[in-house]
Amino acid sequence: MIPAIVVFLYLAAVLYIGIFAFRRARGREEAEDYFLASRSLGPFVFLFSLFGTNMTAFAILGSSGHAFSNGIVTFGLMASSSGLVIPLTIFLIGTRVWALGKKYGFMTPVQMFRDRWECTHIGTVIFVVQAVLLVPYIIIGIMGGGTTLNTISGDFVPYWFGGAIVAMVVMSYVFFGGMRGTAWVNTFQTVLFLCFGAIALIVIGVGMGGFRSAAQGLQASPLSSLLTRERISPYYFFSYTFIPLSAIAFPHILIFCLTARKMSQFKKTVIFYPLCILAIWLPCVFLGVMANRVTDIPEIRQKQEARRVLATQGRNMAPEQRDELREQSGGDDVIMILLKRYAPLWLAGLLGAGIMAAVMASDSQILALSTMFTEDVFAFYGGKTRFGESVQVQTGRIFIILITLFAYAVALRAPETIFELAIQYAFSGYAALSPLLVAALFWRGSTKWGALAVTVWTALAVVAVAIFQAIVPAPAPGPATVLWAPGGVEVLSRTPGGTAVFGFMPVVPMVLISALLMIVVSLMTRKPAAATVEKYF
Amino acid sequence: MKKILLVVAVVVVYILHQDIWFWRSSYLVFGFIPIGLFYQGCFSVVAALLMWLLVTYAWPSHLEEEVERANPGEDEAR
């Protein structure tokens with residue numbers, strides 16, 4: 001119960017920050033102030049809020065869970081590749097989008113695309129695809145909140161109530177505080193997680209009797225492959241470097257790039273981003289791997305047993321049995337289990353609050369969807385002209401309530417695994433949309449029809465991969481099921497973790513074909529007027 | 001020349017990320033950090049250094065100047 005009280009205190013603090021931001025902005029019912037904090041964020045808030053926006057429940061809990069099952073490869077796969085690609089895209093694309101936003105008043109990516117390519121409804125198509133890919137994040141954030149509160153309180157707070165509290169708190173500070181409140185809360189959450197992540201590492205390490213003995217014990221055990229990268233193929237590892245291309249294409253990240261007061265504020269963000277990734281992910285991955293040595297905890301033994309049965313007998317099982325074992329062996333809760341085992345109650349509460357901070361990262365997505373709806377649909381189709389800017393801001397607030405209620409209703413009914421999968425598709429989808437930004441900012445010859453081709457291709461490819469993985473069940477750990485191999489070349493396979501195209505993850509062909517479509521279709525179609533193009537180069 | 005060197009540096013760092021040389025080694029650095037994890041941790045520091053190089057030698061300051069020309073006196077107004 002004590003940890004749950006600490007978490008509730010934390011939620012109250014977060015709520016207060018949102019309301020404080022609202023009072024700070026009192027009297028200013030301007031869209032730019034509410035949705036972009038008047039483009040006035042300072043360097044410290046800009047770095048930590050932009051970084052915190054990317055640190056979702058999927059990133060934190062999922063990383064230790066992935067490391068528990070797959071070993072140290074998780075860090076190179078998901079973290080250090082992001083530490084290179086994300087700051088690089090912020091440096092190349094974020095700074096340019098910031099400058100264009102300042103010069104021409106853009107508040108969303110679609111506004112920029114509409115202006116850059118002189119298009120109207122094609123912009124609406126891009127909005128729809130972006131919005132559909134973003135909604136699963138909001139749902140999974142609420143699910144993560146409900147699950148975390150339920151676990152921390154030892155089942156005292158039921159899942160439905162935990163989810164409702166998290167939804168209410170996030171909705172309230174986004175509703176009142178807008179971008180300013182969201183950025184301040186994200187900064188607070190990131191600092192909290194950085195501090196308590198380090199404390200968690202020390203406390204758990206001491207509790208386990210030191211990492212040296214745990215690591216050496218693991219090295220001498222049959223699980224020693226977890227200390228290597230043997231469980232993942234080099235093709236898969238290479239493919240994963242395409243996934244962080246999604247970050248800059250996410251509307252909430254790009255919109256965040258518009259909030260900096262000066263372009264020089266990007267400098268610290270670009271330089272420190274890889275170090276922030278290192279500080280948060282390395283402990284999570286290391287603890288996830290070391291959890292395999294904590295065999296005196298029954299929950300961890302059960303997970304290992306499920307993993308062993310799946311590996312040895314999975315080939316002869318029905319797909320449903322394999323899915324059940326996969327769920328049982330999943331390690332998304334290992335950090336929580338380790339905290340319960342080794343941390344004193346009050347500290348487990350503080351650390352739980354740190355995890356809660358990561359879980360609640362859906363705030364930026366909610367605000368981004370609201371910004372996109374009010375700017376790209378409401379204002380674009382005449383709402384702002386007819387009803388004024390104050391009504392536009394109120395519309396954005398109403399949208400925040402509606403989208404949160406919708407996400408909560410879905411979170412209560414649907415199984416979590418569906419949305420975990422949807423997020424995986426969304427990463428690939430946004431990565432496949434990244435050529436839109438590159439073409440808009442770096443290629444004079446790009447056209448709206450090229451943009452449409454990229455958007456439609458992305459939507460079709462995401463749906464196709466989802467249908468394929470729903471129809472063809474995942475095989476047991478080991479060799480993939482080859483579905484199409486003309487002339488002995490393995491073109492399409494179903495792997496235990498997803499799909500492989502020529503051995504690569506689907507994101508590789510998705511991004512490459514997107515880029516190709518942009519080039520070919522643009523070369524065949526009419527360019528925007530020279531005056532429009534000159535605004536961008 | 002400076003830009004070409006920076007592009008080469010980005011490509012080299014990207015290749016270094018692939019790290020196939022420690023793929024199957026379970027050697028423990030300092031007796032507790034697996035070599036593959038230690039390498040990727042060091043890689044993150046190298047990535048930060050690369051970003052520092054880019055920010056120092058290839059910063060698109062012309063963009064900021066364009067914005068200042070387009071919105072003169074904005075900072076004073078805040």
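A residue is called buried under 20% relative accessible area, exposed over 50% and partly exposed in between, with a 1.4 Å probe and protein chains only. The model is predicted, so local features need pLDDT of at least 70 and side-chain atom pairs pLDDT 80 or more, while totals for chains, interfaces and linings use all residues. Residues are numbered from 1 along each chain as its sequence is written, chains are lettered from A and ligands numbered from 1 in the order written, and side-chain values use heavy atoms, without hydrogens and water.

A:S364 lies in helix α18 (residues 362-379) of chain A; helices (H or I, at least four residues) and strands (E, at least two) are DSSP runs numbered from the N terminus. With a relative accessibility of 3%, A:S364 is buried. Leaving aside residues up to four places away in sequence, A:S364 touches A:T53, A:T182, A:N186, A:H252 and A:F256, where contact means heavy atoms within 4.5 Å. Its side chain also makes a polar contact, at 3.2 Å, with the side chain of A:D363. A polar contact is a pair of N or O atoms within 3.5 Å; within protein, one must be able to donate a hydrogen and the other to accept it, and residues adjacent in sequence count only if both atoms are side-chain atoms.

Chain A also has an open sheet of three strands, in the order β1-β2-β3 with antiparallel pairing. Two strands pair if DSSP finds at least two bridges between them. β1 (481-484) and β3 (498-501) of chain A are the edge strands; each has a single partner, so one side of each lacks a neighbour in the sheet. Four bridges link β2 (residues 492-495) of chain A to β3(A), and one pairs A:L492 with A:V501. A hairpin of two residues connects β2(A) to β3(A).

Between the chains, the axes of helix α5 (residues 73-104) of chain A and helix α2 (residues 35-57) of chain B come within 10 Å and cross at roughly 5 degrees. α5(A) is therefore roughly parallel to α2(B), a label for angles under 35 degrees. The contact residues include A:F75 and A:L84 of α5(A) and B:F43 and B:L50 of α2(B).

Technical notes. Axes are lines fitted to C-alpha atoms, for helices over the stretch in contact, and angles run from 0 to 180 degrees between N-to-C directions. Angles under 35 degrees count as roughly parallel, over 145 as roughly antiparallel, 65 to 115 as roughly perpendicular and the rest as oblique.
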